[in-house]
Amino acid sequence: MLCELPSFAYAEPSTVEEAVKILDIHKPYAKALAGGTELLNLMKDRVSGSSQPLPKVLVNVKKIRELKEVYVSGDGWLVLGAAATLEEVAANSFVKAVYHVLSEACSSVATQQIRSVATVGGNLCQRPWCWYFRHPYFDCFKKGGKLCYAVAGEHQHHFSVMNLGVCIAGHPSDLAPALLALDANIQIASVKGRRKIPVSEFYLDGRSQQDTVLDTADLIVNVQVPPTTQRRGMAFAKARLRDTWDFAMANAAAVLELDGRTCVGARVAMGGLSPYPFRLRKVEAALEGENLESSLSLYRLIKQAFSDAKTLPMTREKKNIGTAVLLETLCRAAGLPVF
Ligand SMILES: Cc1cc2nc3c(=O)[nH]c(=O)nc-3n(C[C@H](O)[C@H](O)[C@H](O)COP(=O)(O)OP(=O)(O)OC[C@H]3O[C@@H](n4cnc5c(N)ncnc54)[C@H](O)[C@@H]3O)c2cc1C
Ligand code: SF4
C-alpha cells in the first residue's frame with residue numbers, strides 16, 4: 001500500500017546511553033530507526049495492533065559512532081556494530097577472508113541498494129514478511145490479535161514447516177543463521193545497563209507475539225563473533241523464488257571443524273522454514289566424528305533432518321527445498337562438490 005508516513009517526533013542521539021534514555025521515556029511509542037527499510041514501510045502501511053502500536057518517536061541510531069564500527073577486538077573477537085550496513089559487512093575484506101559465511105549471508109540479502117542502508121540490528125529485528133501481518137486490515141496474532149490468518153489462508157513459499165507455533169511465518173533473516181552457526185553473542189543496552197546474550201537465546205518461538213527477547217526500550221549495540229580457526233569450513237546457501245532478490249524459502253549456514261576429512265565439531269542453523277532461526281542439533285550430532293568423504297555420504301547423514309516437519313497444504317515442497325539447501329551448505333562447508 002505504502003501511504004504517506006504518519007507524523008512522528010525525531011531524535012538523533014550521539015551515544016548509546018542517550019538513545020536508551022529517549023527510548024525508555026517514550027516507550028512503547030518510541031522505536032530505534034536504523035536504515036528504515038523495514039520500519040518506515042511498516043509505518044507507511046499503518047501496520048499496528050495492541051502489541052505493536054504505531055511509533056510516535058523515532059530515535060535515529062546511525063549517528064552513534066559505537067554502533068557504526070566493525071573491528072576485531074584485542075582478544076580476537078569480530079565486533080559488528082548494530083548500525084553497520086549489510087553491505088559494509090559483506091564487503092569487509094577481513095570478514096570475506098575469515099568469516100565468509102557472514103559475507104555470503106549479507107550479500108544474499110535483498111539488493112545492493114537495500115544492503116547499502118539496511119543494518120545488522122535492523123536485519124535481526126525484522127518482523128514477519130507475511131502479507132496478513134503487513135496488511136492494516138488483518139489484526140493477526142503477531143500484532144496482538146488472536147488468529148493466524150495464514151493457516152487457513154495463503155501460506156505458500158515463505159511459511160514454516162518446523163517448530164510451528166500460533167504464527168507460521170518463516171523467519172526472514174539471512175544474517176541470523178550465519179550468526180547462530182558462528183555462535184555469536186548480541187550486546188543489548190537499556191537504561192539499566194548492558195547485557196550480553198547468545199544469538200541462540202535472542203529469538204522467541206512462534207507462540208509469542210514478540211519475535212525477540214528485546215524489551216521495547218532495548219537497543220542492540222553490537223554483535224560479537226568468537227575468533228575462528230584455519231581448520232573451519234563454513235558456508236551459507238539460500239533457496240529463493242527469484243534470483244534477482246527475494247526472501248529465503250529456506251536458508252542454511254554451517255561451520256564445520258575439520259581434522260582432515262573428519263568432522264570433529266559442527267554448528268548448523270537454518271531460517272525460512274520456522275518462525276525463528278534454529279540450530280539443527282540432530283544433524284550436528286550426526287556429523288560429529290564422521291568422515292565427510294563424499295556428497296552422497298553427507299546426504300545419507302542429513303536425509304532424515306526434516307522427518308518431523310509438519311507441512312500444510314501449500315508448504316509440502318518445503319521439506320525437499322530444506323534438504324537441498326542444507327546439503328548444498330554442508331557440501332560447500334566440507335569442500336565437497338555440490339550435487
Ligand atoms: C525489498 C526488500 C527485500 C528484502 N530482502 C531480504 C532478504 O532477502 N533477506 C533478509 O534477510 N532480509 C531482507 N529484507 C529485509 C531487510 O534486510 C531489512 O528490512 C533490513 O535489514 C532492516 O534493517 P534497517 O536498518 O533498514 O532497519 P529499520 O527499518 O531501521 O528497523 C527495523 C526494525 O529493527 C529495529 N532496530 C533497528 N536497529 C536496532 C537496534 N540497534 N536495536 C534495536 N532495534 C533495532 C527497528 O526499531 C525496527 O523495529 C528485505 C527488505 C526489503 C524492503
Ligand atoms: S503467519 Fe504469523 S504474521 Fe502471518 S498471519 Fe499468522 S500470526 Fe500473523
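Me: Why does alanine 110 count as partly exposed?

Reply: In this predicted model, alanine 110 has 17 C-beta neighbours inside 10 Å. A residue is buried at 20 or more and exposed at 12 or fewer, so alanine 110 counts as partly exposed. Alanine 110 is found in the loop between helix 6 and helix 7.

Me: How do you know whether aspartate 183 is buried, exposed or partly exposed?

Reply: Aspartate 183 has 16 other C-beta atoms within 10 Å.

Me: Why are helix 12 and helix 13 called oblique to each other?

Reply: The axes of helix 12 (residues 295-302) and helix 13 (residues 318-334) come within 10 Å and cross at roughly 135°. Angles over 145 degrees count as roughly antiparallel and those from 65 to 115 as roughly perpendicular; the pair is therefore oblique. Helix 12 contributes Ser295, Leu298, Tyr299 and Ile302 to the contact, while the residues from helix 13 include Leu326, Leu327 and Leu330. By class, this contact has eight nonpolar, two polar and no charged residues. The crossing is right-handed.

Me: What makes helix 6 mostly covered?

Reply: Six of the eight residues of helix 6 (residues 100-107) are buried, each having 20 or more other C-beta atoms within 10 Å. The buried residues are Val101, Leu102, Ser103, Glu104, Ala105 and Cys106. Among the elements that cover them are helix 4 (86-91), helix 10 (175-181) and strand 9 (232-239).

Me: What is the class composition of the shell around ligand 2?

Reply: The shell around ligand 2 divides into twelve nonpolar, no polar and one charged residue. Of the 13 residues that surround ligand 2, the closest are Cys130, Phe133, Cys140, Cys148 and Cys167. Cys and Phe both count as nonpolar.

Me: What makes the peptide bond from lysine 27 to proline 28 cis?

Reply: The omega of this bond is near 5°, and the bond is cis. Most peptide bonds are trans. Proline 28 is placed in the loop between helix 1 (16-25) and strand 2.

Definitions and conventions
Residues numbered from 1 in each chain as written. Chains lettered and ligands numbered in written order. Predicted model: local features only at pLDDT ≥ 70, side-chain atom pairs only at ≥ 80, totals over all residues. Helix = DSSP H or I, 4+ residues; strand = E, 2+ residues; numbered from the N terminus. Contact = placed C-beta atoms within 7 Å. Axes fitted to C-alpha atoms, helices over the stretch in contact; angles between N-to-C directions. Parallel < 35°, antiparallel > 145°, perpendicular 65-115°, else oblique. Left-handed = near helix turned anticlockwise from the far one by under 90°. Near = placed C-beta within 6 Å.
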